[in-house]
Amino acid sequence: MPTLAGWGQNLLVTCVAKIPKEAYCLRSLSMNLHEYQAKALFKQAGIPVPPGVVVRKLGDLREVYARLSDNAWAVKAQVHAGGRGKGGGVRIVRTRSELAAAASALLGSQLVTPQTDADGLPVGALLVEALTDIQNEYYLSLLVDRAHERITVMASSAGGMNIETVAAETPELILTTVIHPASGLLPYQGRRLGFALGLNKDQIGQFGALLAKLYTLFVRHDASLVEVNPLVLTKGGELLALDAKINLDDNALYRHPELVDLRDPSQENEREARAKQLDLNYIKLIGSIGCMVNGAGLAMATMDLIKLHGGLPANFLDVGGNATVHRVTQAFKLLLSDASVEAVLVNIFGGIVRCDLIAEGIIEAVRDVHVRVPVVVRLAGTNEQRGREMLAASGFNIIAAEGLSDAADKAVKAVA
């Protein structure tokens, strides 16, 4: 498979390098599942996983003692973030007292990992599993490749590691194959990948069957990502999904009401959850310049220009093409509820939405919220002159910008 590794590298590096890690590649498009929820779906699909018990309170440890072997366990904090082990969220314990101490320390805590902010995420549940005798570790995932408009399988012999690092530093270890929607996953694709991973004949058969089940699960549940890292080969020669990650396509959840109930609001950013209720597209980022834009493409361009001028966006906020005064007001209040916002950049192109309505919403929001940070506004399109006049006559400290680059420059200077 000489040509697959480089393509896998391009897929991962493009995904990771061009989007701030705090935003994540699939975050705005997907509903994430906890590991224990993903493994429950794996079991339903016939995919082998280690025996485990979900622990939500210390009393649940009695079920661990009853169901799992009484010698050693892996205790895994259930949060929607990778790098749990680096944050102390995965612990190996070998006695009941160690298990009780680990559960007591983790339950109710805030786990900080390389993929969370400084506040971390709340730990409301643990997955306790019996330890597995591991011979080899592999990486395996299925994801939507939007460039090829196909589901793509990605595999690597470097399981258990950060796959982004593997792709950047040792791209030859990344193997990929693209699935045609008309034919679905074909048996030879599983065999080729299994052979390239160094599996023997019996193991290649196991791998092909497991991969086929993962693909069926992916399609059946309208997933955007299914990941097993690591997929392990036990010393007994069996393949086992030691970890499990599933992201579901938000746009398809109406077809899966049983999966909607798996959403864990405690793992979601409070403002992002509120934005969903308001039907706004909002993602929290790490910068200090709040952005309110209509249109995802324009929002991305605005964020790029802020970065180009030396600043960092505090959020992605798309109010959409059907913005009303109330909608704009609520959007403005939402981004100003973020204490890290030191300036606001409003960039509106009035095509479907009128600029005077946007101006009215900005004025109402500034009046209601008592804004104390600089507000830079760039309006272009339908009724832009009327919108500018309304902002100028408002009496508020609103900085007008002539173009997008000018707006980004003024916003960055406002927080300097």
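This is a predicted model: local features need pLDDT of at least 70, side-chain atom pairs count only at pLDDT 80 or more; totals for chains, interfaces and linings use all residues.
Student: How should I read the packing of helix 12 and helix 13?

Tutor: Two packed helices are described by the angle between their axes and by the distance between those axes. Here helix 12 and helix 13 pack at an angle of about 20°, and their axes are 7 Å apart. Because angles under 35 degrees count as roughly parallel, helix 12 and helix 13 are roughly parallel to each other. Their crossing is right-handed, and the contact is made from helix 12 by Cys 355, Asp 356, Ala 359, Glu 360, Ile 362 and Ile 363, and from helix 13 by Glu 384, Arg 386, Gly 387, Met 390 and Leu 391.

Student: Turning to the sheets, in what order do the four strands of the open sheet lie?

Tutor: As a general idea, strands of a sheet pair through backbone hydrogen bonds, either parallel or antiparallel. In this structure the four strands of the open sheet follow the order 2-7-3-4, with antiparallel pairing. Strand 2 (52-55) and strand 4 (90-93) stand at the edges with a single partner strand each, so one side of each is left without a neighbour in the sheet. From one strand to the next, the twist averages 20°.

Student: How many bridges join strand 3 to strand 7, and which residue is the bridge partner of Lys 76?

Tutor: Strand 3 (residues 73-77) and strand 7 (residues 126-130) run antiparallel and are joined by five bridges; the partner of Lys 76 in strand 7 is Leu 127.

Student: Which helices lie across strand 3 and strand 7?

Tutor: Helix 2 (residues 35-44) lies across strand 2, strand 3 and strand 7, and runs at about 55° to strand 7. Helix 4 (residues 96-106) lies across strand 3, strand 4 and strand 7, and runs at about 160° to strand 4.

Student: Where is Ala 125 placed, and is Ala 125 buried or exposed?

Tutor: Ala 125 sits in the loop between strand 6 (121-122) and strand 7. With a relative accessible area of 8%, Ala 125 is buried, because buried means under 20%. Not counting residues up to four places away in sequence, Ala 125 touches Tyr 36, Val 54, Val 55, Arg 56, Lys 76, Ala 77, Gln 78 and Leu 107.

Student: Which way do the residues of strand 16 (residues 315-318) point?

Tutor: Asn 315 and Leu 317 point one way from strand 16, while Phe 316 and Asp 318 point the other way, and all are buried. Strand 16 pairs with strand 14 (residues 281-284) in the antiparallel sense over four bridges, and Ile 283 stands opposite Phe 316.

Student: What does the protein chain hold as a whole?

Tutor: The protein chain contains 14 helices and 19 strands, and its C-alpha trace spans about 75 × 50 × 40 Å along the principal axes. Of its 416 residues, 50% are buried. Among contacts between residues at least 6 apart in sequence, 70% join residues at least 24 apart.

Definitions and conventions: Residues are numbered from 1 along each chain as its sequence is written. Side-chain values use heavy atoms; hydrogens and water are left out. Two strands pair if DSSP finds at least two bridges between them. Helices (H or I, at least four residues) and strands (E, at least two) are DSSP runs, numbered from the N terminus. Axes are lines fitted to C-alpha atoms, for helices over the stretch in contact, and angles run from 0 to 180 degrees between N-to-C directions. Contact means heavy atoms within 4.5 Å. Buried means under 20% relative accessible area, exposed over 50%, partly exposed in between (1.4 Å probe, protein chains only). Angles under 35 degrees count as roughly parallel, over 145 as roughly antiparallel, 65 to 115 as roughly perpendicular and the rest as oblique. A crossing is left-handed if the near helix is turned anticlockwise from the far one by less than a right angle, and right-handed if clockwise.
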